[in-house]
Amino acid sequence: MRHLLIYAIGMLLWRQQAFSQENKLELYYNKPAKTWTEALPVGNGFMGAMIFGDPVKERIQLNESTLYSGDPDANYKAPTVREQYNDVTHLMNEGHYAEAQTLVTRQWLGRALDCYQPMSDLFLDFQYQGTVKDFKRWLNLSEAVAGVGYTVNNTRYERQVFASNPDRVLVLKMKATGSDKINGSIRLSTPHTPVMQLTSEGGQYLLNGRAPGFVLRRTLEQVEAAGDQRKYPEIFNLDDSRKPFAKQVLYANEDNGLGMYFQNRIKFEHTGGEMYMKDGAIVVKNVHEFVLYLTAATSFKDFQTSPALFPQLAAERARMQMKKLEHINYNELRRRHVEDYKKLFGRVRFTLNTKTKQASLPTDERIMRYAKGGDEDLVTLFFQFGRYLMIAGSRNGGQPLNLQGLWNDKVIPPWASAYTTNINLEMNYWPAEVTNLSECHEPLFKAVKELAVNGKEAAFRIYGNQGWMGNHNMSIWRKADPIDICACSFWPMEAGWLTSHLWEHYLFTGDKTFLKEQVYPLLKGVVTFYKDWLIPNKDGYLVTPVGHSPENTFIYGDGNKATLSPGPTMDMAIIRESFSRFLEAQKILGITDDLKTEITAKLKKLLPYQIGSFGQLQEWQFDFKEQEVHHRHVSHLYPFHPGNQITPNTNPILTNAVKTVLERRGDEATGWSMGWKVNLWARLYDGNRALGILSKLIHLVKENDPAFAGSGCYANLFDACPPFQIDGNFGATAGIAEMLIQSHDGYLHLLPALPDRWETGAIKGLKARGGFEVDLSWNAHRLTGAKITSNAGGVLPVKSQVRLEIKGGQLLKEKTENPFMQPIQTKDFLDHSKQRGSEWVQPATYTYYIKTNIGEQVTLNAK
């Protein structure tokens, strides 16, 4: 007993020491940003800003999360599939996949998405009588404050910027300490110059503008080559000829007066000298210190209402936001901001190994050196940067994170800066529950409910089906139609995947009211659509009639290529998950109806998972050859991650088939794909392989520099697909958490995939399914202890590679399940393998079952 007491005290002191040594969580640089992907992001869930940090000519690029091109009343909608349905399915059944695909792309797709828009730029131009020295540019993740500091002659200049969520304002403070003062000018501008207006009101500096009414990310030549002119009556005539003014971007009167209004409003105050407005700018003369308060608003009302109908709304909102700040000074604003932010960010603390000198280098230098080793602390920064981006970009009442999160500087952004729902949008929210940021999930939940409204209309209009659906992309207008040119756009499967996020929130929280009121109605609509979309194949199994394995191409026949075919694995995985969870929800809520009978019967008839000729989990209904073996998407692994239909505990043979897929695909990929693979290898308990891929993601990429090309991350830690896509950041953060705890396979598994390089570490505040909060520590690559807080009560099943001494709760003698951690049971499969490696072997572990009460803490110490 004395030995255990000494050990426990020692571990407590070690954990305290580990976190006391935690480096200040800061990105920092010794030079200004030259490109947008070197600038530093701040955000409050509504406004985003990218700070370049130039001492002389500062640029702060600004976004507002609702500012999109277009209008909810599009001039073209996707046609019904019913007119060509028999032709397409006949061709599919005959094995003429390319011909069927041609019909789909020509007849079943709608128009390209509207685009997320940049709002404006804040420019600060300063004059100095001397040379800039001792420069530092930084972003403090612990407080969500960015800044710049430098010296000219004997004067130190410092700027700090933060975006406050409680007060919906961007705040910039600049101070000169020394004999010199601040001189220069401040001005706003916007990429939307045709509709820009600079003015003033009540001593405040204003920019009024409008987003384009029409933005087309495709070139006109691409549209014409596809024969899609009919989809864009804004720029093409009925005879398919171009209108005289045809171009990719149209403003206001060029597009029947459409376009969302926006306004920036700046209030300023200063100490010493003068500040006044002149010639469209704010003049700064001999000022010791000044503060800018910047608000932003748009005329967006909701996903169904045209913002062009409310020309005064943006100004009214911006004025009202500024008025709320009248009696709040800078110090109070900063305090409120930091307090609000830390309530979320401060829940999780993470340390790895002993800090080295390398950890004190500028962040871009750390990224360049990371692959050589000696700086695992950079992993903790990368992990926490993902959590920072989640808090900065996704808050209650705001919009969900799109492909670029909250930050975009292009009128025609990559992939429209869309909500791409065949992986990217979902990946953005993988860290939300496990890294203790459940509240940040809310904008996605709201968007899913909005999509279901349009998805119900589209399901009937396009398919003649009940329920609701969506395809592989949407924008703020929540269009559910298949879009654009690519065959990959026809994918009416996204509803089930999106709804799974609400289900995961239920699993992590145990909130039965949320299940009843939020999850179940959506899930019922999902399965209602899917059940009528399915058809029997020649063997009597139910499959989707036209499906897609995003975004892969297969080879069939004499070298023919296609992407569409009946019943691909990912289609079947999402349907199986949705059916299973629907029936589970009915059981929990005590619901019995005719739909239960039908879904139960159809669940049993779904095409089972299959093992292909290489021993791999088969990607399509038929064992096609991939055009690209190393393709970036691993869509057919959905049932392994993020799903839990295939797990090491329930099906080792299929788990081994998953591993074979990953080995054949390889580790090289785009940024977001590497983020997914980190999670997949973590679920295979291979921490070294997961970290190897993570190391490829923490690889410096620079814009327009061939020496720093490829996938990885930019100097500001943004994921480089390339170009910038934020999903890789969130995938990596979730993957790191997955390496440390897992709770999807029947147990809270502690350190399931700990890499050899992470010799010593501690993490506090991760969340597990069943409402458990987890703190744990390890030394010499061995779990030393954990503290589990039971927020919902119930059984805590624990799995560990070391024997544990348990304090708290009631240790049970027999195996007892926690329903929130149970995987979907999927044991049947079809085996067509001609070769297969050794079957999956579970690592040796110790298991414990502990009964807990609500609020109880359980302490686990290694024996």
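**Figure legends: close-up views of a predicted model**

The protein chain has 19 helices and 42 strands. The model is predicted.

**Figure 1. Overall dimensions of the protein chain.**
The C-alpha atoms of the protein chain fill a box of roughly 90 × 80 × 50 Å, taken along the principal axes. For 863 residues, a compact globule would have a radius of gyration near 29 Å, and the value of 28 Å for the protein chain agrees with this. Of the 863 residues, 62% are buried. The accessible surface of the protein chain comes to about 31,300 Å², and 49% of that surface belongs to carbon and sulfur atoms. Among contacts with a separation of 6 or more, 71% are accounted for by residues 24 or more positions apart.

The largest nonpolar core has 237 residues. Inside this core, F290 and Y388 are the residues with the most contacts. Another core lies apart from it and has 12 residues, among them V169, Y293, L325 and L333.

**Figure 2. The surroundings of F290.**
F290 belongs to the largest nonpolar core. Not counting residues up to four places away in sequence, F290 touches L124, F126, L172, K173, M174, I182, I186, E269, H270, M275 and V284.

**Figure 3. R387 in helix α8.**
R387 is found in helix α8, which spans residues 377–393. Is R387 buried or exposed? With a relative accessible area of 1%, R387 is buried, because buried means under 20% relative accessible area. Leaving aside neighbours within four places in sequence, R387 is in contact with L344, F345, R347, V348, T435, N436, L437 and T733. The view also includes F730, which is 343 residues from R387 along the chain. The C-alpha atoms of R387 and F730 are separated by 7.8 Å.

**Figure 4. An open sheet of 3 strands.**
The strands of this open sheet follow the order β26-β25-β29, and their pairing is antiparallel. The edges are taken by β26 (560–562) and β29 (625–626); each has a single partner strand, so one side of each is left without a neighbour in the sheet. Strand β25 covers residues 554–556 and is joined to β29 by 2 bridges. Across this pairing, F554 stands opposite E626 in β29.

**Figure 5. S565 and the residues around it.**
S565 has its place in strand β27, residues 564–565. At 0% relative accessibility, S565 counts as buried. Which residues does S565 touch, not counting those up to four places away in sequence? They are M92, Y97, V546, G547, H548, F554, W620 and F624.

**Figure 6. An open sheet of 5 strands with mixed pairing.**
The strands of this sheet have the order β32-β33-β37-β41-β39. At the edges stand β32 (741–742) and β39 (810–812), each with a single partner strand, so one side of each is left without a neighbour in the sheet. How many bridges join strand β37 to strand β41? The count is 7, between residues 794–800 of β37 and residues 846–852 of β41, and the two strands run antiparallel. In this pair, V798 stands opposite Y848 in β41.

**Figure 7. The disulfide of C486 and C488.**
The count of disulfides comes to 1. C486 and C488 form a disulfide, with their sulfur atoms 2.5 Å apart. The link of C486 and C488 is right-handed, with 135° about the S-S bond. C486 is partly exposed at a relative accessible area of 30%, whereas C488 is buried at 8%.

C713 is buried, with a relative accessible area of 0%. C440 also counts as buried, at 1% relative accessibility.

Notes. Residues are numbered from 1 along each chain as its sequence is written. This is a predicted model: local features need pLDDT of at least 70, side-chain atom pairs count only at pLDDT 80 or more; totals for chains, interfaces and linings use all residues. Side-chain values use heavy atoms; hydrogens and water are left out. Two strands pair if DSSP finds at least two bridges between them. Helices (H or I, at least four residues) and strands (E, at least two) are DSSP runs, numbered from the N terminus. A disulfide is a pair of cysteine sulfur atoms within 2.5 Å. Buried means under 20% relative accessible area, exposed over 50%, partly exposed in between (1.4 Å probe, protein chains only). Contact means heavy atoms within 4.5 Å. The radius of gyration is taken over C-alpha atoms; the globule rule is 2.2 Å times the number of residues to the power 0.38. Accessible areas come from the Shrake-Rupley method with a 1.4 Å probe; for residues, only the protein chains shown count as cover. A nonpolar core is a set of buried Ala, Val, Leu, Ile, Met, Phe, Trp, Tyr and Cys residues joined through side-chain atoms within 4.5 Å.
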